[in-house]
Amino acid sequence: VFSAKAPPKSLAGRSPADFIASFNSFVSNPWRPVIWLVLFLLATHLIIVKGVEKGIEKSAKIMMPMLFVLLIILAICSISLPGAGAGIEFLLKPDFSKVDGNVFLGAMGQAFFTLSLGIGAMAIFGSYIGKDHTLTGETINICLLDTLVAFLAGLIIFPSCFAFGVDPGQGPGLVFITLPNIFNQMVGGRIFGVLFFVFMTFAAQSTIIAVFENIISFSMDLFGTSRKKTVLINGIAIILLSLPCVFGFNIWSGFQPMGAGSTIQDLEDFIVSNNLLPLGSMVYLLFCTSRYGWGWKNFLAEADTGKGVKFPAWARVYVSYILPLIVLFIFIMGYYQKFK
């Protein structure tokens, strides 16, 4: 996989510190991220305006399998790096001395976030799928694929962190720091690098489309406007509402709403992860199980329509009473851990 030849000029001689400096330099200049933000959101809304089937589904069928194959290649490259064994051990060997309530809360919060539970993204796409397969079976497939992709990402990030001496706790910017170091060691690293970030951009775009499509469909049903007009109005609003997050890394970096060292993105993440996602999930649970909402029988009939795994009818007590208490506990503990 690796070559003794000099890497491409665009990557040659670059150290992990160089990539960290490049990333920090990019986010510190307000206009460059704003320009890319606007271009990204415009491209996203151009897909949405075509609808789910002609827009996102058509492109996802090509890009997502290619991204998955590339993830496998990158994982192989990462675990082949000198010193990668420590990263693999860090990822796979549990340290139970560090397992506490925060770990479980963080894991549950990540589960809410990665599956977009509670904010309608899963619901809106669920409303578009056919009746051939049960919702329970489709849910299992989604969870398995999501876990597999997350595991592959871990095999890419953590071994490369230890191989190049990068702190694995640096956060979202880590992917822009460790991966270029892997590409720097690969034959054809420039090509793989371009392909990866193109595919990753589309993966991020598909996630955003899931959220935006929910907003668009809601607006169309509520106000009776056409898809084009709805996309235009909401597109402008979303661009404007996204600017504070960008400015939080540069011109508004002095505003630290969640304490020293925090950014506006941390505040927005807290609003979504600690509030909207668990509370939205609570609403879904009560709506599907309560006689004042959709009702358990209607939910069970819809979930079991088609071929595949059926939703267990015996789980009614758990879903109706125990699971809402768990979600409520996560919501309360999220506040406690954040502000104690």
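# A tour by selection

Start by selecting glutamate 89, which counts as partly exposed at 44% relative accessibility.

The model on screen is predicted, so local features need pLDDT of at least 70 and side-chain atom pairs count only at pLDDT 80 or more, while totals for chains, interfaces and linings use all residues. Residues are numbered from 1 along each chain as its sequence is written, and side-chain values use heavy atoms, with hydrogens and water left out.

## Charged pairs

Glutamate 89 and lysine 93 form a salt bridge, with 3.7 Å between the closest N and O atoms. The term stands for a side-chain nitrogen of Lys or Arg within 4 Å of a carboxyl oxygen of Asp or Glu. Side chains of opposite charge can pair when their charged atoms come close. Lysine 93 has a relative accessible area of 55% and is exposed. How many salt bridges does this rule give? The count is three.

Next, select lysine 131 and glutamate 302. This salt bridge has its closest N and O atoms 2.7 Å apart. Lysine 131 is in the loop between α6 (121-126) and α7, and glutamate 302 is in helix α12, so the pair ties together parts 171 residues apart in sequence. Helices (H or I, at least four residues) and strands (E, at least two) are DSSP runs, numbered from the N terminus. Glutamate 302 is partly exposed, at 28% relative accessibility.

Now go to arginine 227 and glutamate 213, a salt bridge whose closest N and O atoms are 2.9 Å apart. Which helices does the pair tie together? Arginine 227 is in helix α10 (residues 227-247) and glutamate 213 in helix α9 (residues 189-223), so the pair links parts 14 residues apart in sequence. Arginine 227 is buried, at 18% relative accessible area, and glutamate 213 is buried as well, at 1% relative accessibility.

## Aromatic pairs

Switch to the rings. Rings of Phe, Tyr and Trp (its six-membered ring) pair if their centres lie within 6.5 Å; planes under 30 degrees apart are stacked, over 60 edge-to-face, and the rest tilted. This rule gives nine aromatic pairs.

Select phenylalanine 90 and phenylalanine 162: the pair is tilted, with 5.3 Å centre to centre and 45 degrees between the planes. Phenylalanine 90 is in helix α4 (residues 84-92) and phenylalanine 162 in helix α7 (residues 135-164), so the pair ties together parts 72 residues apart in sequence. Phenylalanine 90 is partly exposed at 45% relative accessibility, and phenylalanine 162 is partly exposed at 33%.

Move on to phenylalanine 299 and phenylalanine 311. Their ring centres are 5.2 Å apart and their planes are at 80 degrees, so this pair is edge-to-face. Phenylalanine 299 is in helix α12 (residues 296-303) and phenylalanine 311 in the loop between α12 and α13 (316-339), so the pair ties together parts twelve residues apart in sequence.

## Last stop

Select serine 320, in helix α13. Serine 320 is buried, at 11% relative accessibility. A polar atom of its side chain lies 2.7 Å from the backbone oxygen of arginine 316.

Notes: Buried means under 20% relative accessible area, exposed over 50%, partly exposed in between (1.4 Å probe, protein chains only). A polar contact is a pair of N or O atoms within 3.5 Å; within protein, one must be able to donate a hydrogen and the other to accept it, and residues adjacent in sequence count only if both atoms are side-chain atoms.
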